[in-house]
Amino acid sequence: MDDQRFYDLVHLFLSKQLNDQEQAELSAILKADAERALIFQELTSAKKIVVPASELEKRFQQIVDSPLHPEETIETPVVAIKKHGYLKYAAVLLIFLLAAGLIYRYYGSSKADSYAVFMETKNGERKEITLPDGTHIWLNGGSKLAYKHSFGKEDRDIRLEGEAFFDVAHNKSLPMYVEAKNMTIKVVGTSFNVRSYPDEANTETCLVDGIIELYVNKNLKHGEPIHVVPGEKIKIQAQEAEAETAKEEVAVVQPEKLKIQKSQFLKKDPSIQPSEIAWKDNTLAFDAEPLAVIISKLEKWYNIPIVLKNKALAENLVSGSFKDTDIETVLFWIKESGLNLNYTINNNQITIY
Amino acid sequence: MNPIPYEIDWQKEIGKINDHRDANAFKLLFHHFYTDLLSFSTAISNHQEASEDIIAELMLKIWQQPEKLLGVKNLKTYLFISTRNLTLNYLEKNKVRDNYILSNPEITQQDYNPEDQLVSKEIIQKINQAIEQLPPKTKMAFTLVKDNDCSYAEAADIMEISIKTVDRHLQIALAKIRDFLNR
């Protein structure tokens, strides 16, 4: 592997211009070469001077408690520095240099409480991401994901809006918390899918492997978590939404009035890919889902607004599985399956009537 | 539901500081920017103690004269430009040649952690040395993009240079680090 190419890829990474192909190329290099992986980490991860929280608080208080000197502060932004002699200063510089490496070796961040790294997909777009701790994430269309600079070091907190499949790197001492609409999931190492779009009434969590604890309403301190085992799907439904064929009702939580349902999503035949997680293999699949839900999925998959004129169709259940299929073909098959619908496509909008 | 906080509305927070000296709003600002600005200033000054004074002064100004920030559209850029200017003024005042000593690799090549012979530590040390020895502007651009999560556009605004020049600095930085590592 050409050294220059590696540095070119680092350059592209820093400039945030890495495309999917280059991302894959870079990932392959980092996997194959531990030394380059280390160099990459050092050249791309933020390093800042670490000020202990107590010291930071002290400096904050000093400023808040300072007496007001309007004239001084308005006119000149004078810097209060100690006057060192030149040699003295050089000595300080030298000492600093010796210490600099040590100071800069701390990375990550004092901004432990703020989300700082953001990933986003547009409608119609899907991305595969590897996080600093080795966790692998597939991000479906129209989704946003955020984590902190301290991710993988001090915490593993993630916020999600939209849909993502998580293959979480195992780390018992640093659990991952995934916060989504009206819930937080605690995991140690496992794989699961979360669908939680702001414009959809339901939040769905499907566990493929491992164990997760699901806290409704992000209530980590009070309230018991729901323990989820592989094959289970937890659906959190906002109360005002249309009721659906409930399998087993688990609880109704105040005050947001959420209805929580548990069901099985894995098929008896393991060769059949469940529709909930087929998307990460570029397959659009529905398993007896209401047309209204399918329309929301189609909009995000094909990045085109769809208007349902005939509301009577909304609750009709549709099944199907599509790979590399254009939207017209999907609509054609839905119609073929026996649903009495017609549609027009124009002005970058689809109307179903 | 909680939307992802893509950005804190700083105009709103500045408004709170200005209207009723809201210490919580100022605390948010202080905690959000303090270490970023201190690290950035120190990268320019090579003198953490002096940079601590510089950032304290800047924060004091914000707390005591928030009205000056009312019209600021991009707080991050504003604070980084202020920090850059204050730090350069400090260097000018103290007539410090910014790459004095730094240009002399022998001095920095000392091993400050001699008992540790691990290869990975050596690489990390070498990278840190290489970054330390970058030319001032190149180092500034590299620091902004790498450590302060600045986009090229933000770094260009802060340094008052073109985006293309930022890219060029990054290219120079990586070439120099690569040379240093392969030496």
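Trainee: How many aromatic pairs does the count come to over all chains?

Mentor: The count comes to 14 aromatic pairs over all chains. Keep in mind that this is a predicted model.

Trainee: OK, take A:Tyr147 and A:Phe151. What makes this pair tilted?

Mentor: Two numbers go into it, as a pair of aromatic rings is described by the distance of the centres and the angle of the planes. For A:Tyr147 and A:Phe151 the centres are 5.0 Å apart and the planes are at 55°. Rings pair if their centres lie within 6.5 Å, and tilted is what remains between stacked, under 30 degrees, and edge-to-face, over 60. With 5.0 Å and 55°, A:Tyr147 and A:Phe151 therefore make a tilted pair.

Trainee: And are those two residues buried or exposed?

Mentor: Both A:Tyr147 and A:Phe151 are buried.

Trainee: Over in chain B, why do B:Phe26 and B:Phe30 count as a tilted pair?

Mentor: Their ring centres are 6.1 Å apart, within the 6.5 Å cut-off, and their planes are at 55°, so the pair is tilted. Both residues lie in helix 2 (residues 23-45) of chain B, four residues apart, about one turn of the helix.

Trainee: How do you know whether B:Phe26 is buried or exposed?

Mentor: The relative accessible area of B:Phe26 is 0%, and buried means under 20%, so B:Phe26 is buried. B:Phe30 also has 0%, so B:Phe30 is buried by that cut-off.

Trainee: Which aromatic cluster do they belong to?

Mentor: One formed by A:Phe60, B:Phe26, B:Phe30, B:Tyr34 and B:Trp63.

Trainee: Now A:Arg156. Why does this residue count as buried?

Mentor: A:Arg156 has 1% relative accessibility, under the 20% limit, so the residue counts as buried. A:Arg156 is in the loop between strand 4 (144-148) and strand 5 (157-167) of chain A.

Trainee: What does the side chain of A:Arg156 reach?

Mentor: The backbone oxygen of A:Ala169, at 2.8 Å. A polar side-chain atom of A:Arg156 also lies 3.0 Å from the backbone oxygen of A:Val188. Leaving aside neighbours within four places in sequence, the contacts of A:Arg156 include A:Asp133, A:Phe151 and A:Met176. A:Met176 is 20 residues away in sequence, but the C-alpha atoms are 4.6 Å apart.

Trainee: What makes you say that A:Arg126 sits over the ring of A:Trp301?

Mentor: The charged end of A:Arg126 sits over that ring at 3.6 Å from the centre, and the distance limit is 6 Å. A:Lys280 lies over the face of A:Phe165, at 4.7 Å from the ring centre.

Note on methods:
Residues are numbered from 1 along each chain as its sequence is written. Chains are lettered from A and ligands numbered from 1 in the order in which they are written. This is a predicted model: local features need pLDDT of at least 70, side-chain atom pairs count only at pLDDT 80 or more; totals for chains, interfaces and linings use all residues. Side-chain values use heavy atoms; hydrogens and water are left out. Helices (H or I, at least four residues) and strands (E, at least two) are DSSP runs, numbered from the N terminus. Buried means under 20% relative accessible area, exposed over 50%, partly exposed in between (1.4 Å probe, protein chains only). Contact means heavy atoms within 4.5 Å. A polar contact is a pair of N or O atoms within 3.5 Å; within protein, one must be able to donate a hydrogen and the other to accept it, and residues adjacent in sequence count only if both atoms are side-chain atoms. Rings of Phe, Tyr and Trp (its six-membered ring) pair if their centres lie within 6.5 Å; planes under 30 degrees apart count as stacked, over 60 as edge-to-face and the rest as tilted. A charge sits over a ring if NZ of Lys or CZ of Arg is within 6 Å of the ring centre and within 35 degrees of the ring normal.
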